[in-house]
Amino acid sequence: MHQSKDIALKNPNAFNGEVLELDSETTAGEKKVFIESYGCQMNFSDSEIVASILSEAGYKTTSQLNDADLILVNTCSIREKAEQTVRKRLEAFQGVKKTNPNVKVGVLGCMAERLKSAFLEEEKIVDLVVGPDAYKDLPNLVAEVEAGRDAVNVILSKEETYGDVQPVRLQSNGVTAFVSITRGCDNMCTFCVVPFTRGRERSRDPKSILEEMNTLAEAGYKEVTLLGQNVDSYLWYGGGPKKDFAKASALQQKTAVHFHQLLDLVAQAHLGIRIRFSTSNPQDMTRDVLHIMAKHSNICNYIHLPVQSGSNAVLKAMNRQHTREEYMELIDAIKRIVPDCGISQDMIAGFPNETESDHEDTLSLMEYVNYDFGFMFMYSERPGTPAAKNLEDNIPQEVKKRRLQEIVAMQQKHARYKNDQFIGKTVEVLIEKESKKSDAQWSGRTQQNTVVVFPKEHYAVGDFVDVTVTSCTSATLLGQAVDFGPTQSHHHG
Ligand code: SAH
Ligand code: F3S
């Protein structure tokens with residue numbers, strides 16, 4: 001998942017650092033919660049679970065900060081900057097508390113998990129601290145807070161997937177939705193705080209995933225993104241952690257559902273819905289997944305495949321379980337098995353001990369792949385991670401910055417090149433919303449996840465439209481709908 005607004009080029013899922021203010025119908029006399037989310041898509045998805053759990057405790061969501069009885073901020077720890085953003089927001093909430101002393105403030109998500117009860121001392125205005133696996137305890141915790149006591153639950157779980165919680169879709173366009181399929185991560189990349197804040201990896205029962213898909217289909221949704229920190233390692237065999245799979249019964253092993261099988265099931269069950277997934281980890285992505293993508297036209301030809309570095313020495317120090325060469329082989333396989341597949345990256349500039357030649361390796365890997373877009377960051381040391389414990393953050397800030405700029409410049413060049421290739425072609429676009437720049441234009445995305453803007457004509461949000469691309473910038477395609485006429489129904493794929 002994409003987690004920062006540091007630099008996000010051509011970012012169609014531009015949730016990075018954006019504030020999501022949740023709103024559903026509010027009735028007078030009821031208690032109201034205002035929820036803000038930062039960070040990855042999983043956090044936005046979790047906030048929909050939180051809204052659902054709190055509705056059972058009598059809370060309705062509000063988009064009006066000053067109306068709220070409870071303010072919740074779902075936080076991100078991935079880089080220091082993400083935490084600073086949240087601290088600044090908490091200062092703003094302090095102002096709200098001055099005018100309304102009864103309002104309670106809660107911190108959810110990764111910062112809650114990382115800082116635990118220390119948060120209550122560090123930030124005097126915080127009344128409630130709840131980690132990502134403890135949301136079902138929110139009704140109890142909120143009752144504590146209402147009674148004037150501070151409340152903390154940061155217990156991580158090996159089982160919790162919230163598979164039984166029906167998310168309340170918030171600030172939704174009614175067209176695209178997230179469905180979480182795994183939680184946590186066991187990969188232990190040395191720079192990454194996620195395994196510590198989100199705990200062990202676990203997979204959700206495919207039955208509950210399919211049920212959630214059915215609900216979305218009935219409500220008219222047209223695109224679903226299956227979410228997890230590491231979706232390729234999804235595995236369901238009737239319970240138990242993945243590491244015990246070898247010890248499972250013969251029947252359990254035979255009936256187990258791996259990620260490519262889940263994709264197959266979901267795509268088959270909902271031919272009218274576009275399927276996306278995020279995030280893929282190169283070491284865990286199988287060729288089976290590529291073949292399932294090729295088999296179903298409603299699985300989008302798009303893979304977010306973070307690599308972090310093009311240097312074998314750096315990949316090793318990051319504990320990424322693949323080499324540069326293996327990654328290139330995977331890229332070759334994608335290009336062969338899923339032609340026209342959009343590919344995006346995450347990169348980190350200035351990891352400890354990164355040399356100029358390591359950095360050159362990153363640039364040359366980028367030249368090899370020609371990514372459609374990417375999310376690029378300067379290394380940010382996170383307390384408690386293996387890199388923080390074992391490696392000195394020894395690349396000077398100016399060097400990190402310069403390397404990042406070079407990576408970004410190359411990405412911009414490639415994005416422009418990729419977009420140029422679409423000029424004159426006709427692409428399938430799912431309309432999501434009105435263009436930000438013009439109320440006469442729609443904005444949607446191609447399968448490859450590139451944003452397309454075109455004149456509205458008689459089309460509506462949620463329509464699949466064939467659009468001929470006429471021009472582009474490095475971030476957006478501009479085009480014109482190919483009209484099939486009002487009587488001819490158009491099925492994508
Ligand atoms: N597997 C996850 C990765 C989450 S972190 C997923 O679902 O996408 C998202 C990206 O943030 C990572 O791919 C990495 O490029 C970046 N990142 C993580 N930790 C970082 C750190 N300490 N400093 C800089 N960037 C980091
Ligand atoms: Fe983090 Fe690596 Fe997992 S980047 S979320 S530890 S795959």
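**Reading the predicted model**

Author: The protein averages a pLDDT of 92, and 92% of the residues score at least 70, where pLDDT is the predictor's confidence in each residue, from 0 to 100. This is a predicted model, in which local features need pLDDT of at least 70 and side-chain atom pairs count only at pLDDT 80 or more, while totals for chains, interfaces and linings use all residues. Residues are numbered from 1 along each chain as its sequence is written, chains are lettered from A and ligands numbered from 1 in the order in which they are written, and side-chain values use heavy atoms, with hydrogens and water left out.

Reader: Over which residues does pLDDT stay under 50?

Author: Where pLDDT is low, the predicted coordinates should not be read in detail. Here pLDDT stays under 50 over residues 3-22, for which the model has 75 contacts beyond four places in sequence, and also over residues 486-493, for which the model has ten such contacts; contact means heavy atoms within 4.5 Å.

Reader: What radius of gyration does the protein have, and what would a compact globule with 493 residues have?

Author: The radius of gyration is taken over C-alpha atoms, and the globule rule is 2.2 Å times the number of residues to the power 0.38. A compact globule with 493 residues would have a value near 23 Å, and the protein has 23 Å, which agrees. Along the principal axes, the C-alpha atoms fill a box of roughly 65 × 60 × 55 Å. Of the 493 residues, 56% count as buried, where buried means under 20% relative accessible area, exposed over 50%, and partly exposed in between (1.4 Å probe, protein chains only). The protein contains 15 helices and 23 strands; helices (H or I, at least four residues) and strands (E, at least two) are DSSP runs, numbered from the N terminus.

Reader: How many aromatic pairs does the structure hold?

Author: A pair of aromatic rings is described by the distance of the centres and the angle of the planes. Rings of Phe, Tyr and Trp (its six-membered ring) pair if their centres lie within 6.5 Å, and planes under 30 degrees apart count as stacked, over 60 as edge-to-face and the rest as tilted. The structure holds six aromatic pairs. One of them is the stacked pair of Tyr135 and Tyr162, at 5.9 Å centre to centre with 20° between the planes. Tyr135 lies in the loop between strand S7 (128-130) and helix H5 (138-146), and Tyr162 in the loop between strand S8 (151-153) and strand S9 (176-180), so the pair ties together parts that are 27 residues apart in sequence. Both Tyr135 and Tyr162 are buried. The rings of Tyr302 and Phe373 are also paired, with centres 5.6 Å apart and planes at 20°, so this pair is stacked. Since Tyr302 belongs to strand S16 (residues 302-304) and Phe373 to strand S18 (residues 373-378), the pair ties together parts that are 71 residues apart in sequence. Ring pairs link Tyr302, Phe373 and Phe375 into a cluster.

Reader: Is Lys418 buried or exposed?

Author: Lys418, placed in helix H15 (residues 397-420), counts as buried at 19% relative accessibility. Leaving aside neighbours within four places in sequence, Lys418 is in contact with Asn370, Tyr371 and Asp372.
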